[in-house]
Protein chains: 2
Amino acid sequence: MPGASAFDFLAQLPGADRAEFESRGRRERYARGEFVFRTGEPSECAYLLLDGRIKIFQMTAPGREAILWFCLPGELFGLAEMVGGGGRPINAQACEACDVLSVRRQEFQALVETHPRIALLSMQMLASRLRALGETFANLVADDADTRIAKLILRLAAVHGERHGRDVRLGLPLTHQEIANMAGTSRQTATQVMNDLKRRGLLGIDGHRIRIDDADGLWKIALRARTAS
Amino acid sequence: MPGASAFDFLAQLPGADRAEFESRGRRERYARGEFVFRTGEPSECAYLLLDGRIKIFQMTAPGREAILWFCLPGELFGLAEMVGGGGRPINAQACEACDVLSVRRQEFQALVETHPRIALLSMQMLASRLRALGETFANLVADDADTRIAKLILRLAAVHGERHGRDVRLGLPLTHQEIANMAGTSRQTATQVMNDLKRRGLLGIDGHRIRIDDADGLWKIALRARTAS
DNA sequence: ACCGGTCTGTCGGCTAGGCGACAGTTGCTC
DNA sequence: GAGCAACTGTCGCCTAGCCGACAGACCGGT
């Protein structure tokens, strides 16, 4: 699952640019569950996540959300809409207490124009999102529920995974509902598939945090051709 | 369906930048069906489409393709992978005879660093793709086949549509198979839905080109909540 | 310790839509 | 204008998986 690796904007930025960037922004704090922005709002700022996790999603039917991705500390978000203008198509909600740096559109534009490095990194950011989403799209079109969830977990592990001895843990607590919302399936199906994977010894759960015990086995499921039917 | 409008990179570029851009690239010609690049190839160039149409897609199972979008003249493509590095995850195939300007990675990077306008426009390009794909993803997760295809057609019309008296024509010939590959459904279902829409007088087909007769009616289908079941 | 909310586990019924099959149509090539 | 390839139209079977329902588990607040 190439192209899905984490992307730490802040860490890649040389010290001088970084200071400049921070001086242009305003530090804000969001409590768990608060929205940084919502669908329909004008796109006045780009955001840099300093600490916490942000969930980026679209509401479809009321109560149903399609989760695009989770942001990690160091990542930019809200960029895509700001550049193009127009209202936000998506929501950004804090999963836990978050520190965020907000940069107004004008400021951001000025930064991009004067600091090529920032421009390049922003493009990489967008590019990596685009690739990840393209991959997700292809999965959704082609694979059945088991495969989609297996791929989802591997993709998440590539970004949010932390090695722990011989297994990998996702540093991101997820409910079955959220897994379903990312994989494009129902809550019940997600539950079934997850339990099946547990039973087969491929993974385990430590208090809403997924632990991958047998990555190879997961890959086998992820890669088996649909022709297996 | 906001955020899905066409994006003519070339037209937005001031004359001087444009000349510079063109001087850095190499003009190439592709016949119908030829690939500009394929999955797995190293990403050495970005491309600017001068004339023709390019289909951007991922192969899933052999013979099955998930179409991400079609490029129009004036659009950049192959950018996302080039910026990030690594092999191409996608294919770009000429739907008809195409003129393409290819720019090597180094050259492109130099351009971005010295011409802020190019950087900004590239970001807008990526951003608009990202929004469109996000939208598609949400549709795929939430809607049934009818709705997905209605939305697809409206989205395509926003980009590829040409006003013709009181109806809109898509300047892009599409087979049912391709519609299915974009909407994430089977060829047969696409056929059924298209015929149903024809029967209801919402659209017609002129030699593989869709003509929208009743946009409002289409919107009604696109927007009806799934709760309609 | 109690209560309420959120999350998980599990079961059947029901249906959208995938898939194979095949005939008819269109249009390109030689 | 014959032949072929690609595309469309339509049927019917069959299954993945959606959905409602509900019981238990877990957790955080008071």
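Modeller: Happy to! Let's start where two helices touch: A145(A), D146(A) and I149(A) in helix 6 of chain A meet T189(A), A190(A) and V193(A) in helix 8 of chain A. Contact here is a matter of C-beta atoms, placed from the backbone, lying within 7 Å. Helices (H or I, at least four residues) and strands (E, at least two) are DSSP runs, numbered from the N terminus. By class, the residues of this helix contact are 4 nonpolar, 1 polar and 1 charged. In that scheme, Ala, Val, Leu, Ile, Met, Phe, Trp, Tyr, Cys and Pro are nonpolar, Asp, Glu, Lys and Arg are charged, and the others, Gly among them, are polar.

Before going further, please keep in mind that this is a predicted model, where local features need pLDDT of at least 70, side-chain atom pairs count only at pLDDT 80 or more, and totals for chains, interfaces and linings use all residues. Residues are numbered from 1 along each chain as its sequence is written, while chains are lettered from A and ligands numbered from 1 in the order in which they are written.

Now for the geometry. The axes of helix 6 (residues 145–160) and helix 8 (residues 187–199) of chain A come within 10 Å and cross at roughly 75°. The axes are lines fitted to C-alpha atoms, for helices over the stretch in contact, with angles from 0 to 180 degrees between N-to-C directions. Helix 6 of chain A and helix 8 of chain A are therefore roughly perpendicular to each other, a label for angles of 65 to 115 degrees; under 35 is roughly parallel, over 145 roughly antiparallel and the rest oblique.

Next comes the DNA. Around DNA strand D there are 16 residues, and the closest are D144(A), A145(A), S186(A), T189(A) and H176(B); a residue is near the strand if its C-beta atom, placed from the backbone, lies within 6 Å of it. Two or more residues each come from helix 8 of chain A and from helix 7 (176–183) and helix 8 (187–199) of chain B. Helix 8 of chain B supplies the largest share, 5 residues. The surface near DNA strand D has 2 nonpolar, 13 polar and 1 charged residues.

Chain B also touches chain A, in a contact that takes 44 residues from chain A and 43 residues from chain B. On the chain A side, helix 5 gives the most, with 21 residues.
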